[in-house]
Amino acid sequence: MSTKKIIFKKRIPEPKEMGKEEMKVFEKMSADSYRRWMIPFVDDALSNLKIKDGRILDVGCGPGLLVKELISRSKDFDVYGIDLSSHAIKMAENNCKDFHNAHFKKANIYNLPFPDSTFDLVVCKDSLHHLDMLQKALKE
């Protein structure tokens with residue numbers, strides 16, 4: 001049996017903005033893997049940083065599952081989620097409708113609609129590979 005190495009000459013980029021169908025698939029995949037990666041991520045970040053209150057920004061929040069997990073840890077968190085996709089923002093708002101301290105906005109990471117030093121913690125999970133200008137995004 002021959003094992004042929006697969007080589008991609010050029011990376012095939014994912015869409016910059018997920019549409020309605022992509023968001024549905026992503027939400028299902030996220031929900032299915034939730035316990036495996038979401039909870040450990042939140043536990044690790046919060047325990048290492050010893051954060052119990054403050055403002056948190058989730059860049060590329062998708063359906064808001066990470067925002068929901070963060071706000072479920074403390075009523076003293078205000079968690080903001082931004083995403084390019086209006087479908088994602090609608091899903092996130094629906095998934096977090098029971099929390100008064102969850103805030104969502106359609107926004108671009110290269111030009112955040114917040115003043116400098118607004119947040120105590122910024123998280124970005126499953127989104128960095130969508131960015132063409134990573135350094136610019138990280139500086140913002």
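This is a predicted model: local features need pLDDT of at least 70, side-chain atom pairs count only at pLDDT 80 or more; totals for chains, interfaces and linings use all residues.

Colleague: What holds the strands of a sheet to one another?

Modeller: In general, strands of a sheet pair through backbone hydrogen bonds, in either a parallel or an antiparallel manner. In this structure, four strands make up an open sheet, with parallel pairing and the order E3-E2-E1-E4. Strand E3 (102-106) and strand E4 (121-123) are the edge strands, each pairing on one side only. From one strand to the next, the twist averages 20°.

Colleague: How many bridges join E2 and E3?

Modeller: Five bridges link strand E2 (residues 77-83) to E3, in the parallel sense. In one of the pairs, aspartate 83 has lysine 106 of E3 as its bridge partner.

Colleague: Which helix lies across E2 and E3?

Modeller: That is helix H3 (residues 86-95), which runs at about 170° to E3. Asparagine 95 belongs to helix H3. A polar atom of the asparagine 95 side chain lies 2.7 Å from the backbone oxygen of proline 63. Apart from neighbours within four places in sequence, asparagine 95 is in contact with Glu27, Pro63, Leu65 and Lys68.

Colleague: How does one find where empty space is left?

Modeller: The general idea is to roll a probe the size of a water molecule over the atoms, which shows where empty space is left. Here, the second largest pocket holds about 300 Å³ of space. It is lined by 16 residues, of which Leu57, Leu112, Val122, Ala137 and Glu140 are the closest to its centre.

Colleague: Which strand and which helix each supply at least two residues of that lining?

Modeller: They are strand E1 (54-59) and helix H4 (134-139). Sorted by class, the lining of the second largest pocket contains 12 nonpolar, two polar and two charged residues.

Methods: Residues are numbered from 1 along each chain as its sequence is written. Side-chain values use heavy atoms; hydrogens and water are left out. Two strands pair if DSSP finds at least two bridges between them. Axes are lines fitted to C-alpha atoms, for helices over the stretch in contact, and angles run from 0 to 180 degrees between N-to-C directions. Contact means heavy atoms within 4.5 Å. On a 1 Å grid over the protein atoms alone, a cavity is a set of points where a 1.4 Å probe fits but cannot get out, and a pocket is an open set with protein on both sides within 12 Å along at least five of seven lines; lining residues have an atom within 4 Å of a point. Grid points are joined across faces, edges and corners, and a volume is the space filled by probe spheres set on the points. Ala, Val, Leu, Ile, Met, Phe, Trp, Tyr, Cys and Pro count as nonpolar, Asp, Glu, Lys and Arg as charged, and the others, Gly among them, as polar. A polar contact is a pair of N or O atoms within 3.5 Å; within protein, one must be able to donate a hydrogen and the other to accept it, and residues adjacent in sequence count only if both atoms are side-chain atoms.
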